[in-house]
Amino acid sequence: MGKIFDYDGVPVLHTTSGDLKGYFYDGVYIYKGIPYAYADRFQMPVPSKWDGVKDATNYGFVCPLQNQDTPNGELMVPHRYWPQDEHCQSLNIWTNKLDPEAKKPVLVWFHGGGYAAGSSIEQVAYDGVSIAKKGDSILVSVNHRLNILGYLDLSPFGEKYKNSANAGHADMVAALQWVHDNIALFGGDPENVTIFGQSGGGMKVIDLMQIPSADGLFQKGIIESGVYEAKVYQKEDGDGTAIVKALLKELNLDESEVEKLETIPYYELSNAYNKVEAEVAAKGCYIGQGPMENGWFHGNPIKCGFTDHAKTIPVLAGTNIGEFDFGPVVPGKHEMNREEQIAFLTRKYGDATPELISLFEKAYPDKTIADLWSVDTFFRPDTIEFIRQKSEFTEAPTYSYQFTYEFPMFDGKIAWHCSEIPFVFHNIDKVPVCNCGEETSRLQEQICQAWVSFARTGKPEISGIEWPACADGDEAVMMLDKECR
């Protein structure tokens, strides 16, 4: 039997914002571009409302970007590019059953791109059909304000800007509130919501754990390559006005004219910001572009400590072995003999090479030592520290993983930043390099199963393999590879 499409027979849903019409295709009900909130520039979001029946068959606008997207690395991470508008607060939903009593687990995806770029549909692997069908769960993906639209501190210039530095995160809280209030219509359980994200999306998961207004809107968190204690987002210059003053000066505006920043065309504003950002950053000053610790957001837990509520949230966190090794860094590594590999590594690690090789071989006995060149030192150290601190609390379990698969590119490419995403979403068919026969098909089943089971019960499970929680002083890492262990 072929794939079935239906539009006319799909019922109208009566949400808190208004009536909604989606469509059915290949076993899944799909709703695109649902406006969950509205906000004027630099203002806090307010709940969305519309009249009539909203057609939810088209993806919503994505947040404008400060720099032009350049297609690159599409073989490893294929992308989609989409129209931009600063009124971008929308979300997408995939579900296989419209039953208010179904109480299916809900997974809410926050995209990567730091706090400045990306979108809910940027990567083709973000599609939620497979998780809805094969995981019997509901997938929600979210667009929100980014860069200077979402993270520019104007609070010293007026009460209405009191949380402009966290406007993008306020959008996310508004999205979670909309999900909480409406997801039962789509068959979801509003009391069993897992937020997850990769890179900047993982950072957003950690941040939301530290925002009291999000307490109770989600119950679990998954952080993929997203633990990074970024000082660039913290206010180091007192009131944080340096970047705003520089921006006003570049635009030939007086400080009394700060409200004009609300109406200047986005790209004019963005171009001016791009001209002054580096100079302000060089002085060690706050430049925006990420959430700011204040009374609303309690800061990165590595630096500020976990809130009492964050301690109660089950977490699954991990990284990829190669992260930012995107190219053929170690050409011909499988043709090198051991002496050649050691000489190659010594160019980077010097006298520390023998000790590092010994440690690497204990951790990765099935890898060639040449891969030591590519081992991630950006996300992994902070991830280890996050897990160490979180595991000290017994209120909720913390699980750890590392994705270590080697792909058939560049003489054997170890897992890079984003490479786990098609496996998580059960979408390796959309990313050609992820298809290596039975072993990647099996790995896809295992990883998707683990993520969905964690969303369902708070424990990641892979059939036939024990995955213990981390304990205080003992990080138990599940190695996700052609043979998980």
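Student: How many aromatic pairs does the structure hold, and how is such a pair described?

Tutor: A pair of aromatic rings is described by the distance of the centres and the angle of the planes. Rings of Phe, Tyr and Trp (its six-membered ring) pair if their centres lie within 6.5 Å, and planes under 30 degrees apart count as stacked, over 60 as edge-to-face and the rest as tilted. By that criterion the structure holds 28 aromatic pairs. In one of them, the ring centres of tryptophan 178 and phenylalanine 186 are 6.3 Å apart and the planes stand at 50 degrees, so the pair is tilted. Tryptophan 178 counts as buried at 4% relative accessibility, and phenylalanine 186 is buried at 0%, where buried means under 20% relative accessible area, exposed over 50%, and partly exposed in between (1.4 Å probe, protein chains only).

Please keep in mind that this is a predicted model, in which local features need pLDDT of at least 70 and side-chain atom pairs count only at pLDDT 80 or more, while totals for chains, interfaces and linings use all residues. Residues are numbered from 1 along each chain as its sequence is written, and side-chain values use heavy atoms, with hydrogens and water left out.

Student: Which residues do ring pairs link into a cluster?

Tutor: The cluster joined by ring pairs consists of Phe403, Tyr405, Phe407, Trp416 and Phe423. Within the pair of phenylalanine 407 and tryptophan 416, the ring centres lie 4.5 Å apart with the planes at 50 degrees, so this pair is tilted. Phenylalanine 407 is buried, with a relative accessible area of 1%, and tryptophan 416 is buried at 0%.

Student: At what angle do helix 3 and helix 4 pack?

Tutor: Two packed helices are described by the angle between their axes and the distance between the axes. Here helices (H or I, at least four residues) are DSSP runs numbered from the N terminus, and axes are lines fitted to C-alpha atoms over the stretch in contact, with angles from 0 to 180 degrees between N-to-C directions. Helix 3 (residues 167-182) packs against helix 4 (residues 200-209) at about 75 degrees, the axes being 11 Å apart. That makes helix 3 roughly perpendicular to helix 4, since angles under 35 degrees count as roughly parallel, over 145 as roughly antiparallel, 65 to 115 as roughly perpendicular and the rest as oblique.

Student: Which residues of helix 3 meet helix 4?

Tutor: With contact meaning heavy atoms within 4.5 Å, His169, Met172, Val173 and Leu176 of helix 3 meet Lys204, Asp207 and Leu208 of helix 4.

Methods. Helices (H or I, at least four residues) and strands (E, at least two) are DSSP runs, numbered from the N terminus.
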